Amino acid sequence: MIELIKVCKSFKGQKVLDNLDLQIEPEKITVIIGRSGSGKSVLLKHIMGLIKPDSGQVLVNGTDTAKLNDKELNEMRKVFGMLFQDAALFDSMTVGENVAFPLKEHTKLSKKEIDEIVEEKLLAVDLKNVTHKMPSELSGGMRKRVGLARAIALNPKIVLFDEPTTGLDPIMCEGIDNLIINTQRHTKATFVVISHDIGSTFKIAHKVAMLYKGKIIKIGTPEEIRSSNNPVIKRFISRD
Amino acid sequence: MIRLLELAGRPFIIAVEESGRIMLLLFSAIAWMFRPPFRFRIIFKQMEFVGVNSIFVVMITGAFTGMVFALQSYHGFSLFGGESLVGSTVALGMTRELGPVFTALMVTGRVGSAMTAELGTMKVTEQIDALHTMSVNPIHYLVMPRIVAAILMLPVLTVVSDFIGILGGYFVGVEMLKINSGIFVAKIVEYVELEDIFNGLIKAACFGLILSLIGCYKGINTTGGAEGVGKATTQSVVLSSITIFISDYFLTSFMF
């Protein structure tokens with residue numbers, strides 16, 4: 001369970017999150033939508049503990065992440081996986097080494113066992129024969145798939161996605177959407193996705209939350225968001 | 001007036017703040033040196049990058065430094081018939097000063113800049129955030145191994161530079177300027193003490209710490225995309241070089 005209570009965050013005097021409250025249901029896909037620059041990525045980084053709030057609480061399974069020291073944060077993060085906007089694969093490592101990285105760092109599995117899990121996770125994201133390729137040899141969509149394979153390598157309870165379909169063509173977007181839906185169904189993990197892609201949002205989300213001027217102005221099922229009379233939401237979703 | 005003073009003092013405040021942050025990074029890196037896992041593989045990989053891959057550059061620099069130093073000192077000493085001192089002058093100059101400083105400057109250009117560019121690129125492409133999300137501390141994984149490798153390898157490179165520099169001086173002095181080889185070597189043995197070499201190596205280790213610490217600091221604090229990486233790399237090389245020269249003075253006045 002993830003809960004944000006009255007979270008405020010400013011950068012150089014500019015308020016990005018303003019008394020933000022949000023509850024994220026476990027084992028569901030929650031998509032946080034909002035305009036570019038509205039603070040979606042900042043919100044995600046708060047959940048992950050990469051940024052500490054100026055005030056307020058970020059509770060992950062009841063623990064306030066803002067009060068944890070580095071060591072405790074590292075422990076807490078082991079329940080997380082994260083797919084970054086541009087996948088953030090390590091350039092100096094092969095695809096296989098990227099996916100194996102969290103396994104090598106946090107488990108005592110043998111090389112053979114790690115190789116098997118790497119193959120399994122790459123297959124789960126529909127990738128074959130790419131283990132020895134470098135990230136620079138992959139397309140944008142493939143990089144995201146590898147990023148997702150790495151994010152789920154340790155079977156995390158919570159997976160965060162930072163704009164997973166940005167910069168991809170419509171067919172590739174559909175592929176990533178299906179991948180998110182299937183992976184969540186298979187892993188039963190809590191998925192938090194931030195996006196400004198409305199088509200993708202309504203396809204994958206169990207719950208949609210709209211971030212506007214530093215606050216969550218509405219959270220509900222895709223149908224509830226579609227039928228909302230809030231002019232900001234109406235305008236935002238009608239762009240699609 | 002107060003506004004003027006504020007404006008004049010701002011760069012000083014920024015410099016003090018930056019120095020503080022660099023020192024905090026150093027303390028953090030030291031703390032991580034003693035926490036498992038010990039990252040030997042990454043340290044050895046970095047040692048190869050800092051040390052083995054820099055040998056050729058250091059040899060060329062060392063050789064020509066020793067050669068030109070022999071040439072210049074010969075012209076000076078020949079004015080009063082002191083040509084026999086060329087060997088010891090070259091050896092003392094190389095071991096105490098030129099070996100460590102020129103090696104550090106070459107490694108700053110080759111390795112310090114690469115450290116900033118690599119870590120800077122990792123920062124702007126969120127690879128460092130990715131490390132955080134995988135519960136891996138970037139100081140432990142990226143910074144500490146680079147600092148350890150540079151501290152260990154700079155003295156080794158300096159030994160190579162000293163040796164090749166003296167060899168270059170011997171070649172110019174004995175083969176080209178026809179100084180007696182026995183006298184050339186005897187004067188080196190007479191005047192150069194182990195302490196000269198040893199203190200030069202301590203200096204080199206300090207320079208290794210400086211260039212790697214500043215290289216990593218500038219890298220992990222890079223902002224602003226590709227342009228930011230370029231700026232950070234330039235700043236890293238300039239700041240490291242200046243710091244090496246300044247610390248060289250203080251280390252020399254303290255040790256010799």
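Residues are numbered from 1 along each chain as its sequence is written, while chains are lettered from A and ligands numbered from 1 in the order in which they are written. Because the model is predicted, local features need pLDDT of at least 70 and side-chain atom pairs count only at pLDDT 80 or more, whereas totals for chains, interfaces and linings use all residues.

## Overall form of chain A

Chain A has nine helices and 10 strands, where helices (H or I, at least four residues) and strands (E, at least two) are DSSP runs numbered from the N terminus. Its radius of gyration is 18 Å, which agrees with the value near 18 Å for a compact globule of 240 residues; the radius is taken over C-alpha atoms, and the globule rule is 2.2 Å times the number of residues to the power 0.38. Along the principal axes, the C-alpha atoms of chain A fill a box of roughly 55 × 45 × 30 Å.

Of the 240 residues of chain A, 42% count as buried; a residue is buried if 20 or more other C-beta atoms lie within 10 Å of its own, exposed if 12 or fewer, and partly exposed in between, with C-beta atoms placed from the backbone. Among contacts in chain A with a separation of 6 or more, 66% are between residues 24 or more positions apart, a contact being two residues whose C-beta atoms, placed from the backbone, lie within 7 Å.

The largest nonpolar core holds 119 residues, and A:A149, A:L160 and A:V193 touch the most other members. Helix α6 (residues 138-176) of chain B gives the largest share of this core, 15 residues. Such a core is a set of buried Ala, Val, Leu, Ile, Met, Phe, Trp, Tyr and Cys residues joined through C-beta atoms within 7 Å.

Leaving aside residues up to four places away in sequence, A:V193 touches A:I29, A:V31, A:F161, A:P164, A:I180 and A:I204. Strand β8 (residues 190-195) of chain A is mostly covered, with six of its six residues buried. From β8(A), A:T190, A:V192 and A:I194 point one way, while A:F191, A:V193 and A:S195 point the other way.

Strands of a sheet pair through backbone hydrogen bonds, either parallel or antiparallel; here, two strands are taken to pair if DSSP finds at least two bridges between them. Strand β3 (residues 29-33) of chain A pairs with β8(A) in the parallel sense over five bridges, and A:I32 stands opposite A:I194 in β8(A). Strand β7 (residues 158-162) of chain A also runs parallel to β8(A), joined by five bridges, with A:F191 in β8(A) as the bridge partner of A:V159. From β7(A) the chain crosses through helix α6 (residues 170-187) of chain A to β8(A), and this β-α-β crossover is right-handed, meaning that, with the strands pointing away from the viewer, the path from the first strand over the helix to the second runs clockwise.

Helix α6 of chain A is also the place of A:N178, a residue that is partly exposed, with 13 other C-beta atoms within 10 Å. The C-alpha atoms of A:N178 and A:K203 are separated by 8.8 Å, although the two are 25 residues apart along the chain.

## The antiparallel sheet

Four strands of chain A form an open sheet in the order β2-β1-β4-β5, with antiparallel pairing. Its edge strands, each pairing on one side only, are β2 (14-24) and β5 (63-64) of chain A. Strand β4 (residues 55-60) of chain A is joined to β5(A) by two bridges, and the bridge partner of A:V60 in β5(A) is A:T63.

## Local backbone features

Two residues other than glycine have a positive phi, as set out below.

In chain B, a cis peptide bond with omega of about -5° joins B:P36 and B:P37, and B:P37 lies in the loop between α1 (2-33) and α2 (40-50) of chain B.
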